[in-house]
Amino acid sequence: MNHKILVCFFLLIVIVTAAGSGCISESDNMPEEEIENIEDIEGLWMGSLEVQGGQELRILFNISTGPEGSPTATMDSLDQGVSGIPVEKLTYKDGNLRLEVTSTGVFEGVLKEDGTALEGEWKQSGLVLPLVLTRIEEKPEMSREQDPVKPYPYDEEEVVYENKEAGIQLAGTLTTPKTEGPFPAVLLITGSGKQDRNEEVFGHRPFLVLSDYLTRQGIAVLRVDDRGVGGSTGNFSNVTTEDFAEDVVAGVEYLKSREDIDPDRIGLVGHSEGGLVAPMAAVRSPDVAFIVLMAGPGVTGEEIVLAQSRLVAEADGVPEETITKNEALLKDIFTVIKEEENDTIAGEEIHGLITDMVENLSEEEKQYSSYTEESLDTEIKLLVSPWTRYFLTYDPKTTLMEVECPVLAINGEKDLQVPPEENLAAIEEALEAGGNEDYTVKELPGLNHLFQTAETGSPSEYAAIEETMSPAAMELIGDWILERTRMEE
């Protein structure tokens with residue numbers, strides 16, 4: 001589950017909380033006198049920010065001249081796996097460069113005489129961090145130690161299929177063993193936010209790594225771009241978790257249509273919000289043979305957000321007084337969302353609550369704030385969206401009680417986003433109450449929300465951890481699936 005739902009002003013200092021649209025801002029209204037000798041700074045510029053906990057985030061700016069001769073620039077946060085963030089305004093004069101990044105922050109620097117570096121500062125939410133950008137020739141390739149390397153010992157196919165009811169196409173990658181089928185298969189379901197088929201986050205591609213492991217074990221794997229992402233069509237902004245469940249059912253229907261897939265051995269593996277979606281799809285489709293819930297919620301979204309905001313803040317050393325203030329703010333915001341159906345009115349009330357709080361923050365508390373008026377507008381739109389309204393109040397226990405197929409529910413001991421104690425207990429209680437006869441619930445020691453081996457479990461560690469997914473977690477998932485899909489001799 002991503003941070004995008006949170007209005008936690010003290011959470012870890014990151015450059016980006018949600019992926020940019022990939023569009024380019026062309027600064028059409030920029031006064032010509034504010035730009036001179038643009039060719040001096042054209043190209044790729046990269047530097048590292050040292051942020052909370054000593055973590056380093058690599059920042060890349062791409063500055064060029066647009067088709068009409070106007071300057072254009074974008075920013076990538078390499079270690080967060082986010083690219084194409086528009087630079088809203090670019091000014092360059094007398095060797096001084098200023099880049100204003102949409103809803104994020106500002107870089108100000110001076111070009112060295114030899115033209116190889118820009119020495120300056122990154123300013124965001126009241127923080128000022130030193131940042132030296134160095135000219136580079138090529139954008140670094142993002143890869144992690146566990147990323148599979150081609151050629152693969154299995155087959156890979158790009159696929160497209162329809163969710164006819166929604167009128168959209170879903171695009172993904174299907175990997176199948178080279179042995180003779182038909183194969184057992186799983187469909188991977190991403191967490192919250194606009195996710196691609198690899199569930200890429202902080203430079204990691206968990207679903208690429210997991211699909212590689214499972215396919216090598218003899219299991220076919222389908223991983224899919226979310227609606228409106230990558231090769232999939234549709235509008236992501238007006239959907240809820242239930243819509244994602246319908247997309248998954250369409251994926252199951254597609255797998256059933258293939259001769260190389262055994263229609264009686266198709267299962268689902270859902271991570272985070274995907275752990276809400278998988279039980280919904282299993283209840284709707286009798287063709288789902290089993291489900292795996294990776295850090296799946298067992299309580300309402302409101303309970304999860306309140307718990308995760310406190311746990312992450314504590315792990316990052318935020319003072320208790322600030323945590324308490326933020327907790328009270330979140331509860332007030334959630335009350336508005338639940339009680340006021342009109343989005344405009346709800347947004348205005350939330351805006352008032354947040355600005356009132358910010359005005360009363362102490363100087364010490366302001367260092368934990370990520371508040372800007374632009375980012376607040378974006379946050380409020382999300383808070384009153386259909387997805388958030390649904391997520392906050394939906395109780396997964398009612399659906400889990402109806403799941404009849406085998407269930408594996410796992411969570412990392414150090415998961416601070418979907419805390420294991422209350423969520424695993426709620427999942428187990430619901431499955432038992434519903435009479436499910438085959439379920440396994442397990443907490444995995446030392447692992448965080450992404451199933452990485454972690455120190456504290458804080459999201460501020462995600463990018464710095466080289467491991468994408470614990471081999472022990474993947475082995476547990478693979479063995480459990482094989483045990484339930486093994487053909488009788």
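Author: In this predicted model, a contact means heavy atoms within 4.5 Å.

Reader: Which residues does Arg-227 touch, not counting residues up to four places away in sequence?

Author: Arg-227 lies in the loop between strand E12 (220-224) and helix H2. With residues up to four places away in sequence left out, Arg-227 touches Asn-163, Ala-166, Ile-168, Leu-170, Ser-232, Thr-233, Gly-234, Phe-236, Val-239, Asp-243 and Asp-247.

Reader: Is Arg-227 buried or exposed?

Author: The cut-off for a buried residue is under 20% relative accessible area. Because Arg-227 has 8% relative accessibility, this residue counts as buried.

Reader: The backbone oxygen of which residue lies 3.5 Å from a polar atom of the side chain of Arg-227?

Author: Asp-243 is among the residues that Arg-227 touches. A polar atom of the Arg-227 side chain lies 3.5 Å from a backbone oxygen, and that oxygen belongs to Asp-243.

Reader: Which residues does Ile-350 touch, not counting residues up to four places away in sequence?

Author: Beyond four places in sequence, Ile-350 touches Ile-333, Val-336, Ile-337, Ile-380, Leu-383 and Val-384.

Reader: How many degrees does the twist average from one strand of the closed barrel to the next?

Author: The closed barrel has eight strands in the order E1-E2-E3-E4-E5-E6-E7-E8, paired in the antiparallel sense. From one strand to the next, the twist averages 30 degrees.

Reader: Which residue in E4 is the bridge partner of Met-75?

Author: Strand E3 covers residues 71-77 and strand E4 covers residues 82-93; the two pair in the antiparallel sense over three bridges. The bridge partner of Met-75 in E4 is Ile-85.

Reader: What percentage of the residues of the chain count as buried?

Author: The secondary structure of the chain comes to twelve helices and 16 strands. Of its 489 residues, the share that count as buried is 57%.

Note on methods:
Residues numbered from 1 in each chain as written. Predicted model: local features only at pLDDT ≥ 70, side-chain atom pairs only at ≥ 80, totals over all residues. Heavy atoms only, no water. Helix = DSSP H or I, 4+ residues; strand = E, 2+ residues; numbered from the N terminus. Buried < 20%, exposed > 50% of the residue type's maximum accessible area, 1.4 Å probe, protein only. Polar contact = N/O pair within 3.5 Å; in protein donor to acceptor, adjacent residues only side chain to side chain. Pairing = 2+ DSSP bridges. Axes fitted to C-alpha atoms, helices over the stretch in contact; angles between N-to-C directions.
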